[in-house]
Amino acid sequence: MEAKKTEKADLTRKTGMFLNLGLMISVGLVLLAFEWKSYDDLALKDLGTIDDDFEELLDIPITEQPPPPPPPVEQPIIEEIPDEVEIEEKIEVNFDVDVKEETVIKEVEISDAPVEEKADEIFDVVENPPQPQGGMEGWNKYLSSNLKYPTQARRMGIEGTVYVVFVVNTDGSIQDVDVLRGIGGGCDEEAIRVVRNAPKWTPGKQRGRPVRVKMRLPIRFKLS
């Protein structure tokens, strides 16, 4: 005779519920295992005394080395100088000198040294300058009578002033005639000719003695 199970006694229908319940319990145990905290016993352990062989460190003070003593100073030797010896010798002074009242001392006169002048020296400025015959008025008459206007300068219309330089010797003669500044057209050569052929001048004097003097004179050319 077969026994028939009642519906209440059939556990196959509750299999899913038990499966889920068991899964939840196992998951909870796993999480509990991971979250469980364990603490070591932190009680102090007596390690006992350790015998050490280290020598006790001593505080060694820093020693300061004193500076070397200064070298000995040699004291200068002071020599005693004896007192001045009195000179007992007597110096006799003879004032019995005959001085004549008529003796006259001549005064020394200091005169200026004479100025040496060279014979060939040419002066630019002297005390008494040279003069042409008849003075400057006679010189102008001589130029107007002897000066000829060059044909070339007349054709070209050249006019102006030629400056001539020359030397008046101690005898009044004229030499070393040259043009200091000319105008051309033959006027320079004519001015040299006229001055070179001029009569003798009165020589210049320095300290009362005739000397050679350099002269500079203008000669004017003007078309009428």
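## Fold report on a predicted model

The protein has 4 helices and 5 strands. The model is predicted. Read from the N terminus, its elements follow the order α-β-α-α-β-β-α-β-β. Of the 224 residues in the protein, 19% are buried. Among contacts with a separation of 6 or more, 77% join residues 24 or more positions apart.

**Helix H1**

Helix H1 covers residues 15-35. How far apart are the end C-alpha atoms of H1, and does this agree or disagree with the span its 21 residues should have? The end C-alpha atoms lie 31 Å apart. At 1.5 Å a residue, the 21 residues should span 30 Å, so the two values agree. H1 is also hardly covered. The count of buried residues among its 21 residues is 0.

**Helices H2 and H4**

Two packed helices are described by the angle between their axes and the distance between the axes. Helix H2 spans residues 135-146, and helix H4 spans residues 187-196. Their axes come within 11 Å and cross at roughly 125°. H2 and H4 are therefore oblique to each other. The crossing of H2 past H4 is right-handed.

Which residues meet where H2 and H4 are in contact? From H2 come Trp139, Tyr142, Leu143 and Asn146. From H4 come Glu190, Arg193, Val194 and Val195. An α-helix has 3.6 residues a turn, so residues three or four places apart point the same way.

Strand E2 (residues 160-168) pairs with strand E3 (residues 174-181). The sense is antiparallel, with 5 bridges. Val168 stands opposite Ile174 in E3. The hairpin has 5 residues between the strands. Gly172 in this hairpin takes a positive phi near 90°.

Asp176 has a positive phi although it is not a glycine. Arg207 likewise has a positive phi and is not a glycine. Where does each one sit? Asp176 is placed in strand E3. Arg207 is found in the loop between strand E4 (204-206) and strand E5 (209-221).

| Residue | Phi | Relative accessibility |
|---|---|---|
| Asp176 | about 55° | 52% |
| Arg207 | about 60° | 58% |

Are these residues buried or exposed? Exposed means over 50% relative accessible area. At 52%, Asp176 therefore counts as exposed. At 58%, Arg207 counts as exposed too.

Definitions and conventions: Residues numbered from 1 in each chain as written. Predicted model: local features only at pLDDT ≥ 70, side-chain atom pairs only at ≥ 80, totals over all residues. Heavy atoms only, no water. Helix = DSSP H or I, 4+ residues; strand = E, 2+ residues; numbered from the N terminus. Expected span 1.5 Å × (residues − 1). Buried < 20%, exposed > 50% of the residue type's maximum accessible area, 1.4 Å probe, protein only. Pairing = 2+ DSSP bridges. Axes fitted to C-alpha atoms, helices over the stretch in contact; angles between N-to-C directions. Parallel < 35°, antiparallel > 145°, perpendicular 65-115°, else oblique. Left-handed = near helix turned anticlockwise from the far one by under 90°. Contact = heavy atoms within 4.5 Å.
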